Amino acid sequence: MLNRRTFGTLLAGAAAWGDARAAGTTLPFYASAGPELDLYALDVGAASLAHRGSVTLPANVQYAWPHPSLKYLYVIASNGQPGSGPMGATGSDKNHYAIAYRIGPDGTLTQHGKPAVLPVRPLHASVDHEGAYLLIAYNRPSMVTVHRLRPDGSIGEEVKQTHNPDFGIYAHQVRATPLNKTVTLCSRGNDPTATKPEDPGHIEVFGFQDGQLSNLETIFPGNSGLGFGPRHLDFHPTAPFVYVSLERENALYVFGLKPDGTMTPQPLFKRSTLIDPDGKAKHPGQGAGPIHCHPNGKFVYQTNRGSGTIAGPDGKKVWNGGENSVVVWSIDQATGEPTRIQNAPAHGFELRTFTMDPAGKVLIAASTTPMLVNEGGTLSTVSAGLSIFRIGDDGKLSFARKADIDTAKGVQFWCGLLNMP
């Protein structure tokens, strides 16, 4: 449960965001390109961004997550980019890091304390709701580490796990459940190949006490985990529902969240994210991306990512026609049932991360890399960038503008606001 100290901290942070909105001021927004983490000022009313500066990490940014107080930002970094998926500039530093930054009143980042050196490339990080622990997920090998956070917000020692927890295959996202009783881990598994059978996917639910993780429940519909590739999940802000993005199946599953922090063993609802349900078979490389609930809980947003390529003119690799979009789901508040109401064109390729402002008026999605497109024999390049959408009262998205991003330094792997990574 949240204690009085944590509740006061969260209340103060929320008040600061509320004051900023009421005053019509801008909000700090961050996006990465390789090892560079850029600060922008987001004008919510104008749905526009203005660049304000940057910090450079020793390796490529992988993910970031704010402290509940909104005073610190924790960034994980590594040059160990995967052999599959979008690639970019790497770098000579072979270490892997978690770095704390103090957040200034204008969003400026200043390194805070010494970086923690991590064992392998980290993929995802989050902070528990008490602001006491930094949780980090790694895909190869699949595992989670827990670091204590000191009272001053700096990163402390790793908590050595004593329960030998099972982390599944290809861990992709780790998060504390809303009451901080348990921790969830999306382990995506892997599709079969010509030489290797499918690796099953799971959602692991861990007991969480004093930084120790203990296996409490394994979610694998069908009792095998085959055909179940959870990438990310998000929790409804007020109701007991969990929304899970299945990368390998291009699907949304909805589970119930129990008072003890465990989940219903089988999904309450299943939905395809694609306009063409057979899109993955037709366009290899198709997958679903991250997922976030709207702050009012009435809508859920999820991305489709289609960055597969085929041979084009002169042997150049061009886009194979997969779907790139932001899916908008309307949510029944009594049952949690999702109804797809829009697949908004992405205006970019491979939307790996996106975020919304605290009032839920603007959504910004980051496309990772440029893509060569063949339109009637004419080749053109669609740049990586930040696609900015206005969010209507009905939850639907209207495209406002795109900020093109130069990814010569590396892929745009993460973007976020302080209220929602």
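**A core residue and a sheet**

A: The largest nonpolar core has 51 residues, and Leu37, Leu57 and Leu134 touch the most other members. Such a core is a set of buried Ala, Val, Leu, Ile, Met, Phe, Trp, Tyr and Cys residues joined through side-chain atoms within 4.5 Å; buried means under 20% relative accessible area with a 1.4 Å probe, protein chains only. The model is predicted: local features need pLDDT of at least 70, side-chain atom pairs need 80 or more, and totals for chains, interfaces and linings use all residues. Residues are numbered from 1 along each chain, and side-chain values use heavy atoms, without hydrogens or water.

Take Leu37. Beyond its neighbours within four places in sequence, Leu37 is in contact (heavy atoms within 4.5 Å) with Tyr30, Ala31, Ser32, Gly53, Ser54, Val55, Leu57, Val61, Leu73, Val75, Leu109 and Trp414.

Tyr30 leads on to a sheet. The bridge partner of Tyr30 in strand 33 is Gly416. Strand 1 (residues 27-33) and strand 33 run antiparallel and are joined by 3 bridges. Strands are DSSP runs of E, at least two residues, numbered from the N terminus, and two of them pair if DSSP finds at least two bridges.

The open sheet has 4 strands in the order 3-2-1-33, with antiparallel pairing. Strand 3 (48-56) and strand 33 (415-417) are at the edges with a single partner strand each, so one side of each has no neighbour in the sheet. On average, neighbouring strands here are turned by 25° against each other, direction ignored; the axes are lines fitted to C-alpha atoms.

Definitions and conventions:
Buried < 20%, exposed > 50% of the residue type's maximum accessible area, 1.4 Å probe, protein only. Axes fitted to C-alpha atoms, helices over the stretch in contact; angles between N-to-C directions.
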